[in-house]
Amino acid sequence: MLASWSGSLLVLGAPGTGKTTLVGWAAVQRLREGGAPPLVLASSRVAASRLRNAITTELGDGTWRPTVTTVHALARSLWQRFSGREQVRLLSAPEQEFRVRELLAGAGGGRWPQELAYAWGTRGFAAQVRAAIARARQWGLEPDDLVAWGRSSGRGVWAGLGDFFAEYLDVLDAEGVLDYAELVHRARVLLDQPEVADVVGAEIGAVLVDDFAELDPSQLALIAALAPGAPLLAVADPDSVSAGFRGADPRAVREFVARFGTPGRPASVEQLRQVYRHGAAICQALVEVRQRLPRPVSEPLPSPQASGPDGDVLVLTCTDAAEQAQTVVTELQRAHAIDGLAYSQMAVLTRAGRAQAAPITQALVAAGIPVSTAAEEIALAQAPAVRALLLAVTVAVAGQARPDEAIRLLTGPMGGFDAVSLRALVRQWQAAGHADEAHLPLADQAAQALNQPEWIGPNADGEAAKLAKVVGLLAQARGLLEASAPVDQLLWRLWQGTDWPQRLAAESGAQAAAAARADADLDALCALFDTAAEADRRGGLAGVRAFLAEIGGQQIPADRQRESRLGGGGVEVMTAHRARGREWEVVIVAGVQEGSWPLGRRISTVLDAAEIGADGLQGPAPARELLAAERRLFHLACSRARRRLIVTATAGTEGESDTPSRFLAELGVAAQRPARPARPVSLASLVADLRRASIDPSASVALRAAAAGELARLADAVDDRGRPLVAAARPEHWWGVRPVSSLPTGETPSVRLSPSQVSAALQCPRSYFLDRQAGGEGRARLSTSLGSLIHRLIQLSVEEQWSAQEVAEQLDQAWQRLPFEAAWFSASERAEVEQALGRFQTWRSSRPAELIAVEAPFTLELETDGIPVTLSGKVDWLERAEAGLRVIDFKTSRYAPTAQDVAGMDQLGIYQLAVASGAFDAAATQEAVDVRPAGAAAVYLRLPAKPEDLPREFGQESLDVRPHLSEDPAELAHPTWVHHRIAAAAAVVADGRFPATPGPHCDRCVFVASCPTQPRGQQVVR
C-alpha cells in the first residue's frame, strides 16, 4: 500500500489489523526519504505520545523530531502563528459550561420563548446550549444561520440560540479566550487565506491521520485545507466509532473519495483483512456484532482473517451486581495466578463511569488486586484532594471556620488529625479554660479551638502544637489575600505549607492501591494549579471569591489525564470510550444491561445538538442510528482483547428494564453462570490453606511438613529491597501467636481518674479503655448530650437566678443543635426534659438545707496499694445539713436503681470521701464540724415520685455510719469501701491489660461487635 501511495488514500480495517502501525510506518518512510516532514494527527494526547515514541524508536539514533499531534494542538499552533495573538487561553469543557450558565443568568429569559421560562435557568439547559453551540461551529455555521433557521421553521428556541451564540462569541473575544470548537473553526478560516495556506502547505510533506472516522465536520474541513497538494493517508474503522456525541459520523468514510479526491490528487480506499490482535474465537464474535451494523447495500461486510494468539470468549450472567463484582475479581485472579499474566495486561471496561466502575473498583481493591484508574470522571472541584485545598482557601477568605468546615479541615490532609487526636485536641482546649463548653458538640468545640487560637501557649505540645501550624498557615494565606496576591500564589502557599506534598509523593511511589489514589490526587491538584494560573489575575478577596465561584460552579469533568501517565501496574478500569487505541491480554466488559448498554429511554431535550446539519435543522436522530452508535461502542470495547474476552451482565432486578443486553446474544456465544471457586484464587487464600494444613491433626505428617515448608519458602521471599513479598506467611504476623503485651516494669505510674471512670474501669476494663482512653466511641451519644444539657441548665438557672421562662428559652436555643433522627422522637424527648427541669424546680423550692455550691469542682489525691491516684470531678449539688455536708448527684436515666446499687454507687462514695478529705472546706467556710460527710443522694429527675412533680431521690448512708458494705477481707483491708473500689480501678489502669468483662451492661455497649466475649466479636479477634 505504501509503495503505491501518492494521492489520497483511506485504509479501512477491523480492530487489530495494524492501522495505527501503518500510519507509523508511513511516517518513518517519509522521514527517511527526506524533504518536508509529514504531519501525523492522532486522536488524543496519549495516543499521540505513544505513536511519537514508536516512530522515534523505529528511526533509531539521530535528531528525529516527528510532528505527531492532535487536531486541537495543531489548530492552536496555527492560531498562535497567524492570528496575531500569540497568547491564547482555551476554555475547558467545565469552564465553557460555567460561562454559558453565567451568560444565561445574566441576560435573563427575554430571548427565549415563553414556554422555556422554567428551563433557561437550569444546568441541563445550559449543557444543551453548550453542546448546540459546539455542533454549530463544527459545521462552520454562524449565529445568523441559527436565527434564520429558527424563524423559518417557527422554532423560536433556535432563533434564541442564535442570538445567544452571538453574545457568547463577543464575550469570549472580550476575555481573549476560545473554546475548542471555536479554535478549530478559526484555524480553518485562517487557512482560507492564500498566504497562510501557502506557508503551511510548504511545510507539510504528507498528512497522516489516525482514527479518521472519529473526526467531526470542522476537523475534516481543517485537514482538507491543510495541504491540498500533499499526499494524504487516513486509517479508520467505521464500525468502532465512539465519538458520535462529539459530532463524529461513520458517513465521513463513505464520503472520503468525494471530499479528498481532486484531479491532481486521486482518492482511493483500501481494506486491511488480516487481524493480528486476537485469534479466531474473538474475531468471529466481533464479526457477529458487525454484521448487525447498518451499511450501504453496495458495501460488503469485511471478512477479516485472524492470525493472532488463540483465545476464547466467555459470556457470564450473574444474579446481582455484588456477584458480578466478585466474578470480575475471580476471573482476574485466575488469569494472574494460573495463566501467569500481569495485572497490567488486564482491563475492565464499562459503559458508564462511576456508577458502574466504582463497585468493581472497590471489589478489586478489597481483594488486594492493584488497580489503575483514569482521571476521576467528576467535576474538578469535587475531586477529594481539590476539595481539601479549596476548603482551606474558603476558611482563609472567611477568616473563620464553621463547625462542619473545621472538622473537614482538621481531619483532612491539610490538618492531619484523626478521630482520636481530634478528641485529644478538644480535651486540651477544654483544659485550657473552656471546660464549661464541654457540653457542646465536638464540631462546635473544634471550631472554637481553631477560630480562637489564643488558648495555644508558646510552648504548646501535642495536638495543640499541631493545630498551631494549621492556624499559622491560614494566617499566612490571609496575609497574602490582604496583599492582593492572585489565587495561584495563595493555593501554592497552602499546598507547600504542610507535609502533604511529601506524603503524596511517598504514596505515589508505593506499589499498592494507595499509589493509584495518590496519582489521581496529584493529577487533580496539577489541574487545579493550571486552572488557577490561567484564571482571573485579580488579587485579593475579589479575585479569590470569583475563582471559588467559578470552580465551584463547574459541573462536568475536566480532562486531567496527563501524557506522563501512560500506564500503571494494575488492572485498568475505565469506560469504553477511553479504551480506544488500547489493547490488553484479558478484557472484561462489565455491566452490559438493557437500559445502560444500549441506553434505554432517551431524555427529551429542548435543544438537541444532533438536529444541526450543514443545510438546516434535520430533526432528532432516529432510534435506529442511536442503537447503531451503542452497538459500535460495544464492538469497540470487545475488540480490545487479545487472548480472552469476558462479557458480564446481571439477571436484572427491575423486570425487563435492566435485563442482560441484546448485545450478549449477538456475540454468538452461549451465556452461562459464573463458576464459584472453592476458595479465592489469591495469595492470602493460599497462605490460609497452608496454615490450615500445617496444623490439621487429621492430615499426614508428610502433608503437614510440606505445608510448613511452603510457608517457610513464602515467608523468606523478599523483593530487591529486602521487603517481604508474602508478609502473611511469617508467623510473627499471625494473630494470637505472640503473647499479649504488657506495660514495661519500673516505677508505678500515677493514675488519674474521675468518679464515673472508676465505675467504668471496674464494670468492663476493655470498654473503659476503648471509650475513655482511645476515644473509640466517637461522637457523644444522644443520651449523653441530653444529660449534659440538663446539668448545664440546672447550673445556670441557680447561678443566674433564671425564671422558668428563661430556662425554657435557653432550652429552645440548645434543642435545635441536638441530632434527632425523627421529629416525633424530638418531641417526645423534649416533653420529658421539660418535665425533668420542672421536677428540679419543685425539688429545689422544697429543699430545707442550705445550698453551698453547684457544679463544685474538687481534686482528691491519695495512695492505694502503693499506686498514687488523683481523683477530680464536680459535685452537682453541695448543701449543708445538720450533721455536715451532703452531696447530691442528679441523674437523667429512666431506670430506677435498687437499694444495693445506691449503697455501692461509686460516684456518691467518692464525693463523700472528697468531703471527708477537706476538698470543700473553702466552699463551706464554717467550723470543721460542718464539713464532715453527712451522706449523699442520687436524684433521678426523669423518674416521678409522689407527688409526681418531685423527682425520686435515693440516699446513701454516710461513710462515718457505714464505712464498709461487706465482710470481704479485701474490702476490710481498706479504710472504707470507697478506698477499696478506687484501689481496684487504679490497679486495672496501672496494669494496662483491660480485659473484657461480660455482664448486663453488654446490651448497651457500643463495642459489642468486636468484643471477644460476644459471638459477634469473636469473628473479629479470632
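**Helix α3 and the sheet around it**

Colleague: Which strands does helix α3 lie across?
Modeller: Helix α3 (residues 71–82) lies across β2 and β3, running at about 100 degrees to β3. Helices (H or I, at least four residues) and strands (E, at least two) are DSSP runs, numbered from the N terminus. Angles run from 0 to 180 degrees between N-to-C directions, with axes as lines fitted to C-alpha atoms, for helices over the stretch in contact.

Colleague: Before I get carried away, what kind of model is this?
Modeller: This is a predicted model, where local features need pLDDT of at least 70 and side-chain atom pairs count only at pLDDT 80 or more, while totals for chains, interfaces and linings use all residues. Residues are numbered from 1 along each chain as its sequence is written, and side-chain values use heavy atoms, with hydrogens and water left out.

Colleague: OK. What is the order of the sheet with β2 and β3 in it?
Modeller: The order is β3-β2-β6-β7-β1-β8, an open sheet of 6 strands with parallel pairing. Two strands pair if DSSP finds at least two bridges between them. The edge strands are β3 (67–70) and β8 (267–272), and each pairs on one side only. From one strand to the next, the twist averages 20 degrees.

Colleague: What about the strands inside, say β6?
Modeller: Strand β2 (residues 38–42) pairs with β6 in the parallel sense over 4 bridges, and Val 40 stands opposite Leu 208 in β6. On to β7 (residues 232–236): β6 pairs with β7 over 3 bridges, also in the parallel sense. There, Leu 208 stands opposite Leu 233. Between the two, the chain crosses from β6 through helix α10 (residues 217–226) to β7, in a right-handed β-α-β crossover. Right-handed means that, with the strands pointing away from the viewer, the path from the first strand over the helix to the second runs clockwise.

Colleague: And the β6 side chains, which way do they point?
Modeller: Ala 206 and Leu 208 point one way, Val 207 and Val 209 the other, and all are buried. Buried means under 20% relative accessible area, exposed is over 50%, and partly exposed is in between, using a 1.4 Å probe and protein chains only.

Colleague: How many bridges join β1 to β7?
Modeller: 5 bridges join β1 (residues 8–13) to β7, and those strands run parallel. Leu 9 stands opposite Leu 233 in β7. Helix α1 (residues 19–33) packs on this sheet and touches β1, β2, β6, β7 and β8, with its direction at about 165 degrees to that of β7. Contact here means heavy atoms within 4.5 Å.

Colleague: Switching topic: what's the order in the sheet with β11 and β13?
Modeller: That open sheet of 6 strands goes β11-β16-β15-β12-β14-β13, with parallel pairing. β11 (312–318) and β13 (371–373) stand at the edges with a single partner strand each, so one side of each has no neighbour in the sheet. Neighbouring strands are turned by 20 degrees against each other on average, direction ignored. At β13, 3 bridges join it to β14 (residues 571–575), and the two run parallel; Val 371 stands opposite Val 571 in β14.

Colleague: What about Trp 112, where is that?
Modeller: Trp 112 is in the loop between α4 (93–107) and α5 (123–138). At 5% relative accessibility, Trp 112 is counted as buried. Beyond its neighbours within four places in sequence, Trp 112 is in contact with residues including Trp 120, Phe 125, Leu 161 and Phe 164.

Colleague: Last one: which residue caps α18?
Modeller: Asp 418 caps the N-terminal end of α18, with a side-chain oxygen 3.2 Å from the backbone nitrogen of Val 420. The buried residues of α18 (residues 419–434) include Leu 422 and Trp 429, and the buried set packs against α17 (403–411), α19 (442–451) and α20 (462–482).

Definitions and conventions. A polar contact is a pair of N or O atoms within 3.5 Å; within protein, one must be able to donate a hydrogen and the other to accept it, and residues adjacent in sequence count only if both atoms are side-chain atoms.
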